[in-house]
Amino acid sequence: MPNPTAAMLVIGDEILSGRTRDANMHYLAGQLTEMGIDLKEVRVVSDDRDAIIAATKTLSAGYDHVFTSGGIGPTHDDITADCIAAAFGAHIDIRDDARALLQAHYDRSGQELNAARLRMARIPDGANLIDNPVSTAPGFSLKNVHVMAGVPSVFKAMVASVLPTLTGGAPLLSRTLRMMRGEGDLAGPLGAFADEFPDLSVGSYPFQKDGVYGSNIVVRGSDAGQLDAAMVALEAKFTA
């Protein structure tokens, strides 16, 4: 049975402008790989209502899980929650359980739960809250879309809350063979090797060191025995 599939939707003008470097995709990809959920696509969209809604609908229909990052804070440009609700035709408003979490948090810190902060308690009908042990304001899961913050420390905490609730498959394993030869020399034998092992993913990643071209050949699959056999065959192909 194939592994479950996933997509990620990164939301925010700050990402597209280059002001902020996204770290969440790299983290999520590693976590999903370990769990046996195949991350197949990542999209980045601006803080634009129509773009977020369209991307959510497309990715939700195409993959088993969608993870979003960004746009659930207290400011005017944090529109993700409203867009996700609109994508599924769900009503959204301040929810009592989310409000209670925020009220307790701000009471402890001696701050006011003002109108701006209360926006973070707006949750679509039918959604399940995602725990946020870092800053309390919850994310949520609606249908197969998991809506999380963009701040990396909070995103990581929310991922840790969500993943135990999901069913994974076979973790993706990888092996690497480092070759101090250019890709032009490797291409022919490497293509033949890939044909011999169609169930494995084979990639070549070139580098240059001290003026010499080389390539890391990475072979990926979920069967450790098959990977080991493939690496023996690969080394034999280039050392014969």
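In helix α7 (residues 152–162), Val154, Phe155, Ala157, Met158, Val159 and Val162 are buried, meaning under 20% relative accessible area with a 1.4 Å probe, protein chains only. The model is predicted: local features need pLDDT of at least 70, side-chain atom pairs count only at pLDDT 80 or more, and totals for chains, interfaces and linings use all residues. Residues are numbered from 1 along each chain as its sequence is written, and side-chain values use heavy atoms, with hydrogens and water left out.

What do the buried residues of α7 pack against? Their partners are β1 (5–11), α2 (24–35), β3 (65–69), β6 (128–130), β7 (139–142) and β8 (145–148). Contact here means heavy atoms within 4.5 Å.

Take α2. Its axis lies 10 Å from that of α7, at an angle of about 20 degrees. α2 is therefore roughly parallel to α7; the cut-off is under 35 degrees, with over 145 counting as roughly antiparallel. From α2, Asn24, Tyr27, Leu28 and Gln31 meet Pro152, Phe155, Lys156 and Val159 of α7. The contact of α2 with α7 holds five nonpolar residues, two polar and one charged.

Now the second pair. The axes of α8 (residues 183–196) and α9 (residues 224–239) come within 11 Å and cross at roughly 150 degrees. So α8 and α9 are roughly antiparallel. Leu186, Pro189, Leu190, Phe193 and Glu196 of α8 touch Ala230, Ala233, Leu234, Lys237 and Phe238 of α9. The contact of α8 with α9 has eight nonpolar residues, no polar and two charged.

Conventions:
Axes fitted to C-alpha atoms, helices over the stretch in contact; angles between N-to-C directions. Helix = DSSP H or I, 4+ residues; strand = E, 2+ residues; numbered from the N terminus. Parallel < 35°, antiparallel > 145°, perpendicular 65-115°, else oblique. Nonpolar A, V, L, I, M, F, W, Y, C, P; charged D, E, K, R; others polar. Buried < 20%, exposed > 50% of the residue type's maximum accessible area, 1.4 Å probe, protein only.
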